[in-house]
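This briefing concerns aromatic rings and their partners. Please view the sequence and the model before reading the points below.

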Amino acid sequence: LFPLQSQLSQALNGLSDRAKEAKEFLVQLRNMVQQIQNKKKAFIVSSPSKCCFLELEPGWRQQMAILLEILGKHQLQQGEVVRDQISHCTVKLRQTTGLMEYCLEVIKENDPSGFLQISDALIRRVHMTEDQWGKGTLTPRMTTDFDLNLDNAPLLQSIHQLDFVQMKVSSPVPAPPILQLEECCTHNNSATLSWKQPPLSTVQVEGYILELDDGNGGQFREVYVGKETMCTVDGLHFNSTYSARVKAFNKSGVSPYSKTLVLQTSEDTQSEEQTLPFPVPLERSQLRRMSPFSSTLNLQPSFSGRSYFELRSSAHQLSLHSSLQSLNSAVAWFSFDPSSAHADIIFSNDNLTVTCNSYDDRVVLGKTGFSKGLHYWELSIDRYDNHPDPAFGVARIDVLKDAMLGKDDKAWAMYVDNNRSWFMHNNSHTNRTEGGITKGATVGVLLDLTRRTLTFSINEDQQGPVAFENLEGLFFPAVSLNRNVQV
């Protein structure tokens, strides 16, 4: 019994020392709060700062107001950190002293058997509590200094450019980057931009900001921020003119913009107008330039444009037919993308035809992504054996490639067998619809990013209602299939 009591007493001595240090540390922290207040006052009234500002031009006085605002924010941040540490340390100290008081009562207890039952646990708890006051716990997280320098050397015309927060940075602002015209290009509705620093520039650059307008003379928007000097932007409008510019930045600030480069996305490869069997409203015809017609994924180059739907009687088909009124018969070609497809996908016919060497479903995407406008493409079923259920639709670039399209939240699809179809997104199956596919069937996909909807058809008849709504972002044509299907 006595050795255990002695062991507990020794552990309590160590914990008592920690509690004493904690009390002294709390006094130190509370003094820091007052020191922060005093430092601000001393800085404001000191002659190197106050006289400098008050005796010069009004521009200096304006900067003095900015400095005071910065000091106020810095003071609040310092005080918040210190007060948080005070609160944390106070709670731990209260827990420590409470444990000490309890242990002292246990030592005084005259019941040896009861002491033996809890002594080991108490000793472990005392050591654990002491360990919580380890290295760094009683060290202030914040100093009372204001880490600011005031540089009053520049000429009067430079006063309004002073930056007190970053006054320690000595390197200048970067020079504007140079767009490398020979490496800038467009393909379909994607644009690739390349740039470099001026050859004689020695200023360190931390990154670049690439901006494009909306393709219609609107405001510029950031499309890339990073260290690379080349960027490809997908999902632009076809047959549209975009303006691009880039600027560099480092700790000192941001460079001026480069010269503006004008880029033209690909025009449709065919542009013959199609006479539709119904009047096209004026507002629809004006959409044609900004809502181009995208080609099928498996068409021969000799394919000529045509209207895809005749006027139908059902409400669903009328809705789909109305959406197609804004399309002309021009074609902008694209193909399947081997670089992003699952390894089991087999490509042929210049990447316009795909199948698979696995019995499991595998995903392949089209090369062109869409984020705006109205787009329609068709896929023809070249082979269909043993009644599989391929899926057709759109997907994000990072969709799962080893599962049926629509199994995750990165794809919106219709999967179909020889009798019926379902819509699927995030592994949720909806809208079972009669009517399937066979060899030679044609599946149509209508992506309307103006209305933010996705609609499907089989052999030119709309399949079910509007499949998905509220679509937004960048979408790639997508298919999932196994070895029993060729598309």
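In this predicted model, Y224 is buried, with a relative accessible area of 19%. A search of the whole structure finds 10 aromatic pairs, and Y224 belongs to one of them, together with W195.

**The pair of W195 and Y224**

- The ring centres of W195 and Y224 are 6.4 Å apart, and the ring planes stand at 50°, so this pair is classed as tilted.
- W195 belongs to strand β3 (residues 190-196), whereas Y224 belongs to strand β5 (residues 221-226).
- The pair therefore ties together parts that are 29 residues apart in sequence.
- W195 has a relative accessibility of 1% and so counts as buried.

**The pair of Y415 and W422**

- The rings of Y415 and W422 form a stacked pair, because their planes are at 15° and their centres are 5.1 Å apart.
- Planes under 30 degrees apart count as stacked.
- Y415 is buried at a relative accessible area of 10%, and W422 also counts as buried, at 19% relative accessibility.

**A cluster of rings**

- F238, F334, F370 and W377 are linked into a cluster by ring pairs.

**Charges over rings**

- The ring of F220 has the charged end of R245 over it, 3.9 Å from the ring centre.
- R483 lies over the face of Y359, and its distance from the ring centre is 4.8 Å.

Conventions:
Residues are numbered from 1 along each chain as its sequence is written. This is a predicted model: local features need pLDDT of at least 70, side-chain atom pairs count only at pLDDT 80 or more; totals for chains, interfaces and linings use all residues. Side-chain values use heavy atoms; hydrogens and water are left out. Rings of Phe, Tyr and Trp (its six-membered ring) pair if their centres lie within 6.5 Å; planes under 30 degrees apart count as stacked, over 60 as edge-to-face and the rest as tilted. Helices (H or I, at least four residues) and strands (E, at least two) are DSSP runs, numbered from the N terminus. Buried means under 20% relative accessible area, exposed over 50%, partly exposed in between (1.4 Å probe, protein chains only). A charge sits over a ring if NZ of Lys or CZ of Arg is within 6 Å of the ring centre and within 35 degrees of the ring normal.
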